[in-house]
Amino acid sequence: MYDRNHLAHRLRRASSRADDRPFLIHDPDGRVTGYGAFFHNTERMASALERIGVQPGDRVAVQAPKTQEMLELYVACVLAGAVFLPLNTGYTPAEIRYFLSDAMPVLFVCDSGKLEALTSVARECGVAHIRTIAADGSGTLREAREAEVAGYDPVPRGPDDLAAILYTSGTTGRSKGAMLTHRALASNSETLREVWRFTAEDVLIHALPIFHTHGLFVATNIALMAGASCIFLPGFDAQAILRAMPEATALMGVPTFYTRLLQQEGLAEAARNMRLFVSGSAPLLAETHARWRAVTGHAILERYGMTETNMNTSNPYDGDRRAGTVGFPLPGVELAIRDPETRADLPQGEIGVIEVRGPNVFAGYWQMPEKTAEELREDGFFITGDLGKVDADGYVHIVGRAKDLIISGGFNVYPKEVETLIDDLPGVLESAVIGVPHPDFGEAVVAVVVPQSGADITEDAVLAGVAGALARFKQPKRVIVRHELPRNTMGKVQKAALRQDHAGLFA
Ligand code: AMP
């Protein structure tokens with residue numbers, strides 16, 4: 001029955017004859033949910049959705065704690081032909097209002113603790129139904145599931161049908177809803193399962209949030225498609241991850257996972273039997289890569305992707321995993337480096353805008369035809385907005401976001417080039433280089449630098465440290481020392497916030 005639903009079929013295929021195998025091993029209590037039990041619940045959840053009044057194509061929005069019930073809701077939406085729309089748990093009611101009014105879901109599932117604040121928001125946005133999930137999984141959504149029996153017949157869905165809408169983090173302008181089809185999700189996870197060699201023997205430490213592409217589609221879909229198990233953590237907890245490692249084979253994380261884990265005692269011992277460490281969603285410092293390798297003997301495998309495209313490139317499973325690169329385009333994904341103005345292909349080695357094409361790419365932005373036409377071109381290429389280059393060996397390097405490019409006195413400055421030099425200076429933990437309005441230069445290069453703990457860093461030392469290695473126009477005009485960089489939940493440095501904080505520096 002599942003085989004008439006493109007994605008559901010692929011999520012269930014590996015486990016259909018392995019109902020007694022563990023899917024979720026809950027942390028910290030060790031409770032196990034087998035594959036049979038999970039899909040049994042999911043089918044009941046899909047029946048509950050139908051009873052509530054969710055029809056194929058309807059959006060189901062959810063802002064809820066990371067729980068088994070939220071995963072059941074995701075797969076139930078796939079079975080019922082609905083469109084799953086997860087929202088960052090950090091969004092305020094005012095932000096939620098925008099998403100609900102834009103996406104017009106039929107059902108909104110929220111955290112039980114926020115029901116009061118969000119009920120009126122949902123009503124004002126015309127949302128017909130509201131249900132809850134609490135941190136322990138209880139709530140009115142689970143009650144609705146409990147009232148149903150298993151044995152749901154999935155709604156037929158083809159590769160082009162929508163499975164999910166994920167809103168981009170929207171660092172500039174309004175957040176956009178990326179429409180993801182059954183094909184985009186299924187093909188990408190199947191490819192990653194192959195290239196990262198996931199099998200039913202794997203035990204993945206799942207510590208990422210499930211409102212974002214990384215934890216929801218990369219981690220969860222790969223595990224389901226492989227019939228693997230997940231040690232399911234409600235969030236990042238370095239101690240819990242270390243405890244889980246001896247029982248696990250793989251970890252997927254953002255770079256901050258790795259820098260924090262490196263501060264723990266006993267990492268080398270804990271990591272001994274692990275097979276794979278994957279990093280993505282933000283750049284992994286070459287230094288973190290090197291330290292991880294020195295401590296654990298493992299080379300972190302860095303990959304590159306985004307909400308709109310799923311994953312685009314990956315370092316090789318076999319072969320050289322190169323620090324500071326995101327590896328090669330995945331099988332089936334075409335990647336081009338193009339001139340931002342003319343879209344002409346640039347010669348190998350030159351920096352340009354990264355464009356990608358393949359079955360992994362989204363179907364457009366929800367109700368934004370103009371934005372879609374600007375970025376997802378008729379020839380099928382999506383203009384990612386990331387700047388990058390391909391080196392002589394074919395490895396892709398990300399240089400930053402196009403909108404973070406600094407133009408100082410008419411010259412282009414790529415922040416990454418300056419950051420890499422600063423990060424290598426003694427006593428520097430990390431840095432972010434931004435453009436700040438300047439009366440003469442238009443923009444001036446400013447470096448925000450975080451010292452290693454206990455180190456003392458001065459503006460003069462940083463300026464002197466990079467002076468010999470950088471053309472004058474690339475050298476920072478000012479260096480600001482801060483104790484940390486502002487980051488979002490996926491570990492991305494919020495350069496827009498930094499630009500705002502320091503906008504008046506040369507006024
Ligand atoms: P999101 O849509 O939230 O997943 O953000 C996608 C963006 O994160 C990409 O367009 C890149 O700018 C950035 N990103 C993802 N993975 C990497 C990586 N491995 N290295 C550098 N930037 C990355």
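This is a predicted model: local features need pLDDT of at least 70, side-chain atom pairs count only at pLDDT 80 or more; totals for chains, interfaces and linings use all residues.
On the backbone side, a polar atom of Arg 303 is placed 2.8 Å from a nitrogen atom of the ligand, and a backbone N or O atom of Ser 281 lies 3.2 Å from a ligand nitrogen atom. On the side-chain side, Lys 492 brings a polar atom to 2.9 Å from an oxygen atom of the ligand. Of the 490 Å² of accessible area that the ligand has on its own, the protein covers 91%.

A search of the whole structure returns 1 cavity of 30 Å³ or more, and the space in the largest cavity amounts to about 40 Å³. The lining of the largest cavity consists of Leu 185, Asn 188, Ser 189, Leu 192, Phe 217, Val 218 and Asn 310. Helix H7 (182-195) and helix H8 (213-226) each contribute at least two of the lining residues, and H7 gives the most, with 4 residues. In terms of class, 4 of the residues lining the largest cavity are nonpolar and 3 are polar, while no charged residues are present.

By class, the lining of the second largest pocket holds 8 nonpolar, 6 polar and 7 charged residues.

The loop between strand S1 (22-26) and S2 contains Pro 28. The peptide bond that leads from Asp 27 to Pro 28 is cis, and its omega angle is near 10°.

Positive phi values in residues other than glycine occur at two further loop positions described here. Met 104, located in the loop between helix H4 (93-103) and S5, has a phi near 50°, and with a relative accessibility of 42% this residue counts as partly exposed. Arg 343, for which phi is near 65°, belongs to the loop between strand S16 (334-338) and strand S17 (352-357).

Asn 315 is situated in the loop between strand S14 (310-314) and strand S15 (328-329). With a relative accessible area of 2%, Asn 315 falls under the 20% cut-off and is therefore classed as buried. The side chain of Asn 315 makes polar contacts with the backbone at two positions, reaching the backbone nitrogen of Arg 322 at 3.0 Å and the backbone oxygen of Thr 325, likewise at 3.0 Å.

Ala 392 occupies the loop between strand S18 (382-390) and strand S19 (396-401). The relative accessible area of Ala 392 is 70%, which is over 50%, so this residue is classed as exposed. Ala 392 and Gln 348 are 44 residues apart in sequence, and their C-alpha atoms are 7.2 Å apart in space. Ser 112, in turn, is found in the loop between strand S5 (107-111) and helix H5 (115-124), where its relative accessible area of 30% makes it partly exposed. Between Ser 112 and Thr 140 the separation is 28 residues in sequence and 8.6 Å in space, taken from C-alpha to C-alpha.

Methods. Residues are numbered from 1 along each chain as its sequence is written. Side-chain values use heavy atoms; hydrogens and water are left out. Ala, Val, Leu, Ile, Met, Phe, Trp, Tyr, Cys and Pro count as nonpolar, Asp, Glu, Lys and Arg as charged, and the others, Gly among them, as polar. A polar contact is a pair of N or O atoms within 3.5 Å; within protein, one must be able to donate a hydrogen and the other to accept it, and residues adjacent in sequence count only if both atoms are side-chain atoms. Accessible areas come from the Shrake-Rupley method with a 1.4 Å probe; for residues, only the protein chains shown count as cover. Buried means under 20% relative accessible area, exposed over 50%, partly exposed in between (1.4 Å probe, protein chains only). On a 1 Å grid over the protein atoms alone, a cavity is a set of points where a 1.4 Å probe fits but cannot get out, and a pocket is an open set with protein on both sides within 12 Å along at least five of seven lines; lining residues have an atom within 4 Å of a point. Grid points are joined across faces, edges and corners, and a volume is the space filled by probe spheres set on the points.
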